[in-house]
Amino acid sequence: MLNFIASSPVTYEVAIVNRKEAPDKITLSGRLGREISNVIQKHKPFFDNYDKIIVYYDNGQIELSAILNAVFSVHFGNIEFRKAEPQKYRLLQIADFICSVELLKIKMQEKRLSKSEEKFFYKP
């Protein structure tokens, strides 16, 4: 997977929201929507180069699906949503891997890795 990612022309930005700092799901959804919106706004010139923007999502979390739909629809009129199937889309596998590694990085910084994660990452 690392070789595939290293040879792919992929760049990414992380939107991080600490769910412990949100008292409820509505607040959490609002904060996540704002973070995603900030990332889109920051890279708006990049997106403006395309006639159509396609967002692939596997519909794993209903709340996240609604947030993505709302945020992207507000920023763009040329948006299309498609259901992603991991076995068909390698970029989805890259995104999943990157999210997992970024979460592990946060957990490592906060010293809250699980026992199995500590065994796997025995050296920081």
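## A tour of the predicted model

Of the 124 residues of the protein, 22% count as buried (under 20% relative accessible area with a 1.4 Å probe, protein chains only; exposed is over 50%, partly exposed in between). This is a predicted model in which local features need pLDDT of at least 70 and side-chain atom pairs count only at pLDDT 80 or more, while totals for chains, interfaces and linings use all residues. Residues are numbered from 1 along each chain as its sequence is written, and side-chain values use heavy atoms, with hydrogens and water left out.

Start with the whole chain as a cartoon. There are six helices and two strands, in the order α-α-α-β-α-β-α-α from the N terminus. Both are DSSP runs: helices are H or I with at least four residues, strands E with at least two, numbered from the N terminus. The C-alpha trace spans about 45 × 40 × 25 Å along its principal axes.

Next, select Ile16, in the loop between helix H1 (2-6) and helix H2 (25-42). Ile16 counts as partly exposed because its relative accessibility is 49%.

Then select Lys111, in the loop between helix H5 (90-109) and helix H6 (115-120). Although Lys111 is not a glycine, its phi is positive, about 55°. With 75% relative accessibility, Lys111 counts as exposed.

Finally, colour by contacts, meaning heavy atoms within 4.5 Å. Of those between residues at least 6 apart in sequence, 61% join residues at least 24 apart.
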